[in-house]
Amino acid sequence: MAALAVVETPSGKDAIAEGLLDLLKPAVQQLDLHVHSVRESQVELREHIDNLATELCRINEHQKVVLDLDPYVKKLLNARRRVVLVNNILQNAQERLRRLNHNVAKETARRKTMLETSGAFTPRSPSKP
């Protein structure tokens with residue numbers, strides 16, 4: 001019977017845990033990069049909204065014909081407020097991702113050190129099975 005058996009020894013569990021950590025780390029790093037990119041876009045959008053609101057107020061003050069731009073300015077300011085809220089949520093998520101990434105790296109290093117000191121882990125070259 002040539003079935004693959006999962007060894008329930010500490011080294012087997014450590015190997016599985018290390019494999020999971022190695023699998024998750026790139027995904028966490030990629031997600032962190034995307035969150036950072038979105039946050040930068042949010043800041044840029046907020047700045048554009050501020051500039052547009054300022055420009056609309058300036059135009060409204062200098063118009064000879066009375067145009068009521070206040071509702072549009074209020075809509076822009078409301079949109080800005082929502083952008084700031086989303087940015088805060090993204091900032092919190094990015095901080096959690098950063099801590100998770102740090103913990104994954106720390107746990108990986110700890111497990112690797114533990115395996116190396118126990119002699120159960122010997123680094124192999126990729127060409128050797």
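**Reading the salt bridges**

Modeller: The side chains of Arg80 and Asp50 meet in a salt bridge, at 2.4 Å from N to O, where the term stands for a side-chain nitrogen of Lys or Arg within 4 Å of a carboxyl oxygen of Asp or Glu. This is a predicted model, in which local features need pLDDT of at least 70 and side-chain atom pairs count only at pLDDT 80 or more, while totals for chains, interfaces and linings use all residues. Residues are numbered from 1 along each chain as its sequence is written, and side-chain values use heavy atoms, with hydrogens and water left out.

Colleague: Which parts does the pair Arg80 and Asp50 tie together?

Modeller: Side chains of opposite charge can pair when their charged atoms come close. Here Arg80 lies in helix H2 (residues 70–118) and Asp50 in helix H1 (residues 10–62), so the pair links parts 30 residues apart in sequence; helices are DSSP runs of H or I, at least four residues, numbered from the N terminus.

Colleague: Is Arg80 buried, partly exposed or exposed?

Modeller: Buried means under 20% relative accessible area and exposed over 50%, with partly exposed in between (1.4 Å probe, protein chains only). Arg80, at 26%, counts as partly exposed, and Asp50 counts as partly exposed at 26% as well.

Colleague: How many salt bridges does the structure hold?

Modeller: The structure holds six, among them one between Glu55 and Arg58 (2.2 Å, N to O), two residues that stand three apart in helix H1, about one helical turn. In helix H2, Arg99 forms a salt bridge with Glu95, four residues away, and salt bridges with shared partners join Glu95, Arg98 and Arg99 into one network.
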